[in-house]
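Subject: Structure handover

Hello,

Here is the structure I promised to pass on. Please open it and keep it in view while you read.

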Amino acid sequence: MALKTTITHADILPLDEFQKLRKDKRAEVVAIKKNRRVGVGPFCTFYFENYATMWWQIQEMLFIEKGGAEQLEDELRAYEPLIPKGRELVATFMIEIEDAVRRPVVLAQLTNIDQTVMLEFAGHKIRAVPEGDAERNREDGKTSSVHFLRFPFTAEQIAEFRKPGTRVLLAVEHPHYGHIAVMPEAVRDSLAQDFA
């Protein structure tokens, strides 16, 4: 099957049809997401997106909110750009702090954390590019708990990343949050399928 890099109106199921398939589709997406998640340090998690994860997100939002055609336009505008276009990886980067008292204190220390993320493998370093859809760092220094990142690849980098067993590091190099994780092989293999 050809790599799907866009979602259009034609890809979206009517609500009644989606409701019939929802349970099975949820199980499919849970299985896909299992190998698209990487935790880095105590608070940061990267959820690497693709067509299936964004299709599910749009369908679920429509199912829950029942906003019709107008909502569909908004959801497509919000989520369609987060599908990798064949020469990149795209991640939702979340800073997950359960303690409601501690959360704002930590977020205030992590200004511009979205500009300090990098993939490293086979002698290559790919710095994440924050999605420019909204400013996620406030003037007072507090950062958002959700960021959207792109990792642009060259053809050579794609070839190296695709090689089975390639050791991939995902790093956050912020002065107040310096952590590195080795990407599990199952995740690397899943993400390698995002390239055209």
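Below is what was found in it, from the whole chain down to single residues.

First, the ground rules. This is a predicted model: local features need pLDDT of at least 70, side-chain atom pairs count only at pLDDT 80 or more, and totals for chains, interfaces and linings use all residues. Residues are numbered from 1 along each chain as its sequence is written, and side-chain values use heavy atoms, with hydrogens and water left out.

The whole chain

The chain has six helices and nine strands. These are DSSP runs, numbered from the N terminus: helices are H or I with at least four residues, strands are E with at least two. The C-alpha atoms fill a box of roughly 50 × 45 × 25 Å along the principal axes.

Of the 196 residues, 45% are buried. Buried means under 20% relative accessible area, exposed means over 50%, and partly exposed is in between (1.4 Å probe, protein chains only). Now take the contacts (heavy atoms within 4.5 Å). Among those with a separation of 6 or more, 71% join residues 24 or more positions apart.

Charges come next. There are 26 positive and 30 negative side chains, and the centres of the two sets lie 4 Å apart. Lys and Arg count as positive, Asp and Glu as negative; His and the chain ends are not counted. Each charge is placed at NZ of Lys, CZ of Arg, CG of Asp or CD of Glu.

The sheet

In what order do the five strands of the open sheet run? The order is β1-β2-β3-β7-β6, with antiparallel pairing. Two strands pair if DSSP finds at least two bridges between them. β1 (37–40) and β6 (129–130) stand at the edges with a single partner strand each, so one side of each has no neighbour in the sheet.

Look at β3 (residues 88–95). Seven of its eight residues are buried, so the rest of the structure largely encloses β3. Five bridges link β3 to β2 (residues 44–48), and threonine 45 faces methionine 94 there. Seven bridges join β3 to β7 (residues 146–152). In that pair, threonine 92 has phenylalanine 148 as its bridge partner. β7 also pairs with β6, over two bridges. Here proline 130 stands opposite leucine 149.

Helix α6

Which residues of α6 (residues 185–192) are buried? They are Val187, Arg188, Ser190, Leu191 and Ala192. Their cover includes β1, β2, β3, α5 (155–162) and β8 (168–174).

Most residues other than glycine have a negative phi. Two residues to look up have a positive one:

- Lysine 66 has phi near 50°. It sits in the loop between α2 (51–65) and α3. At 54% relative accessibility, lysine 66 is exposed.
- Asparagine 112 has phi near 60°. It lies in the loop between α4 (102–109) and β4 (117–121). At 31%, asparagine 112 is partly exposed.

Finally, find glycine 68 in α3 (residues 68–79). Glycine 68 is partly exposed at 42%. Proline 14 is 54 residues from glycine 68 in sequence, but their C-alpha atoms are 9.6 Å apart.

Best wishes
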